Amino acid sequence: MVIKEAKFITSNTRADLCPQTELPEYAFIGRSNVGKSSLINMLTNRLKLAKTSSFPGKTQLINHFLINDNWYLVDLPGYGWAKVSKDSREQWRKMIMYYLKNRPNLACVFVLIDSRLPPQKVDLDFMELLGTMGVPFVLIFTKTDKQSGTKTDANIAFYLKTLQDTWEELPMYMKSSSATKEGRDEILQFISDVNQR
Ligand code: GDP
C-alpha cells in the first residue's frame, strides 16, 4: 500500500467523540517507550505525525489519523508507565475499555512488544483484556535493529511459548524496526488485505 495522505483528524479522551465513520480503523498500543510513535511515523512516512514519548500525567488521548481517505490509524495512549497513580491507571483502563467496546469499525489492534524483553505481565494482561472483549489483535515485536535476528527470533519463540499457556490459538505476529523499516510492507499489506475483506 502506498500512503498518499495521512491527515490528523481528532484527539479525544472519549470514544463517543471519535470520528463517526464506517471506515475501518486500526489501533496501535503498547507500553510506554515501546516505539509506538516511531512506528506510526515510519508506517506513514511522516516524521512527526505521532508525537514521540509524551509524558505520563499529561492527558492521555486517542488520536485518529485518516489514511488515504480510506482507513483510520489510531494512536492509543500507552500503558505501563512506572510512576503513574492508581487513579490514572484506572482512568486509562476505563477509556480503553470504552473505546474497545464502542468502535464497531475497529478492525484490529496492533499490540507492540519490545522484541528484546521477556513477556511482561502488563502486556499479557492487556492481551487477556482484548481476548475477553473479542477484539482481534496482532503482535508487533519492535526495535529489531537493536539486536541480532537470531536473538530476536529466539526471544519471540520464547514469548509465543509463554502465550501457549493461556491461549488456545496463538496470535499472528510481525517484526518491526523504525530504524531499518523492517515490517513496514508487511504491516501495510496486512491492513490492505483486511480492508478488502
Ligand atoms: P512510544 O513511547 O511507544 O511512542 O515510543 P517512541 O516511539 O517515542 O520510542 C521510544 C524510544 O525508542 C525513542 O528514543 C525512539 O527513538 C526509540 N525507538 C523507537 N523505535 C525504535 C526502533 O525501531 N529502533 C531503534 N533503534 N530505536 C527505536
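Strand β3 (residues 62-67) is joined to β4 by 5 bridges, and the two strands run antiparallel. Strands here, like helices, are DSSP runs numbered from the N terminus, with at least two residues (E) for a strand and at least four (H or I) for a helix; two strands pair if DSSP finds at least two bridges between them. Within this pairing, isoleucine 67 has tryptophan 71 of β4 as its bridge partner.

The model is a predicted one, in which local features need pLDDT of at least 70 and side-chain atom pairs count only at pLDDT 80 or more, whereas totals for chains, interfaces and linings use all residues. Residue numbers start from 1 along each chain as its sequence is written.

The β3-β4 pair belongs to an open sheet of 7 strands with mixed pairing, in the order β1-β3-β4-β2-β5-β6-β7. At the edges stand β1 (6-12) and β7 (172-175); each has a single partner strand, so one side of each lacks a neighbour in the sheet. On average, neighbouring strands are turned by 25 degrees against each other, direction ignored. Such angles are taken between axes, which are lines fitted to C-alpha atoms (for helices over the stretch in contact), and they run from 0 to 180 degrees between N-to-C directions.

Helix α1 (residues 36-44) packs on this sheet, where it touches β1, β2 (25-30), β3, β4, β5 and β6 (137-142), and its direction makes about 145 degrees with that of β2. The buried residues of α1 are Lys36, Ser37, Leu39, Ile40, Met42 and Leu43. A residue counts as buried if 20 or more other C-beta atoms lie within 10 Å of its own, as exposed if 12 or fewer do, and as partly exposed in between, with C-beta atoms placed from the backbone. These buried residues pack against β2, β4, β5, β6 and α5 (184-195). After α1 comes asparagine 45, with a positive phi near 60 degrees.

Further along the sheet, 6 bridges join β2 to β5 in parallel, and isoleucine 29 stands opposite valine 111 in β5. Strands β5 and β6 likewise run parallel, joined by 6 bridges; in β6, phenylalanine 141 is the bridge partner of isoleucine 113. The chain passes from β5 through α3 to β6 in a right-handed β-α-β crossover, meaning that, with the strands pointing away from the viewer, the path from the first strand over the helix to the second runs clockwise. Helix α3 (residues 121-133) itself lies across β5 and β6, at about 170 degrees to β5.

The largest nonpolar core has 35 residues, of which Ala27, Phe28, Val74, Phe110, Val111 and Leu112 touch the most other members. Such a core is a set of buried Ala, Val, Leu, Ile, Met, Phe, Trp, Tyr and Cys residues joined through C-beta atoms within 7 Å. Strand β5 (residues 106-114) supplies its largest share, 5 residues. Neighbours within four places in sequence aside, phenylalanine 28 is in contact (C-beta atoms, placed from the backbone, within 7 Å) with Lys36, Leu39, Ile40, Val74, Asp75, Leu76, Phe110 and Leu112.

By contrast, alanine 82, in the loop between β4 (71-75) and α2 (86-101), is exposed, because 6 other C-beta atoms lie within 10 Å. Its C-alpha atom is separated by 9.1 Å from that of serine 32, 50 residues apart along the chain.

Of the 197 residues of the protein chain, 31% count as buried.

Terms used. Contact = placed C-beta atoms within 7 Å.
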